[in-house]
Amino acid sequence: MRHIISILMENESGALSRVAGLFSARGYNIESLTVAPTEDPSLSRMTLVTRGNEEIIEQITKQLNKLIDVVKLIDLAESFHIERELMMIKIRTTGEMRDEIRSMADIFRGNIIDVTPTTYIVEMTGPSEKLDAFIAAIEPDSIIEVVRSGPTGISRGEKGLHL
């Protein structure tokens, strides 16, 4: 099962490498990883996506909690949450296909953020499944490049990751 683990950690050099080292030392895979400062400049929020059964995820969270840089963490899969991912996709477009890609971007609520005579770059946010569906709808030979942020998430309601 896929889990999104949100970690509040000290904003210090080496903190990211300690988390990555923990995963590699135990043979766990990180599917995606995003890190950014929070409203408190001394703290960063890391969103880590991994897969595993309940036993593996429990082991991961226990090991993460032992790291000195980790202030607090939550597994978003355990509660109601909202998750989004950002994607930019560069598509080869010519002739009639330009209108078709423009229409598909509108249907998927994407934005064309760059236009050249032969390409479009479409920016899209949403659940990973939506981005996957957009990619599947495009002719594979037309896709030049895809850049994705990986999922990031936030719990719903009053519950939050803060001190």
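Visitor: Which residues does threonine 50 touch, not counting residues up to four places away in sequence?

Guide: Contact means heavy atoms within 4.5 Å. With neighbours up to four places away in sequence set aside, threonine 50 touches Met1, Arg2, His3, Ile5, Phe23, Asn29, Ile57 and Ile60. This is a predicted model, in which local features need pLDDT of at least 70 and side-chain atom pairs count only at pLDDT 80 or more, while totals for chains, interfaces and linings use all residues. Residues are numbered from 1 along each chain as its sequence is written, and side-chain values use heavy atoms, with hydrogens and water left out.

Visitor: Does threonine 50 count as buried or exposed?

Guide: Buried means under 20% relative accessible area, exposed over 50%, and partly exposed in between (1.4 Å probe, protein chains only). Threonine 50 counts as buried because its relative accessibility is 0%. It lies in strand β3, residues 43-51; strands (E, at least two residues) and helices (H or I, at least four) are DSSP runs, numbered from the N terminus. The side chain of threonine 50 also reaches the backbone oxygen of asparagine 29 at 2.6 Å.

Visitor: Which residues of strand β9 form its covered face, and which its uncovered one?

Guide: In a regular strand the side chains alternate between the two faces of the sheet. In β9 (residues 152-155), Gly153 and Ser155 make up the covered face, while Thr152 and Ile154 make up the uncovered one.

Visitor: How many bridges join strand β5 to β9?

Guide: Two strands pair if DSSP finds at least two bridges between them. Strand β5 (residues 81-92) and β9 run antiparallel, joined by four bridges.

Visitor: Where is arginine 109 found?

Guide: Arginine 109 is in the loop between α3 (96-107) and β6. Although not a glycine, arginine 109 has a positive phi of about 60°. Its relative accessible area is 71%, so it is exposed.

Conventions. Polar contact = N/O pair within 3.5 Å; in protein donor to acceptor, adjacent residues only side chain to side chain.
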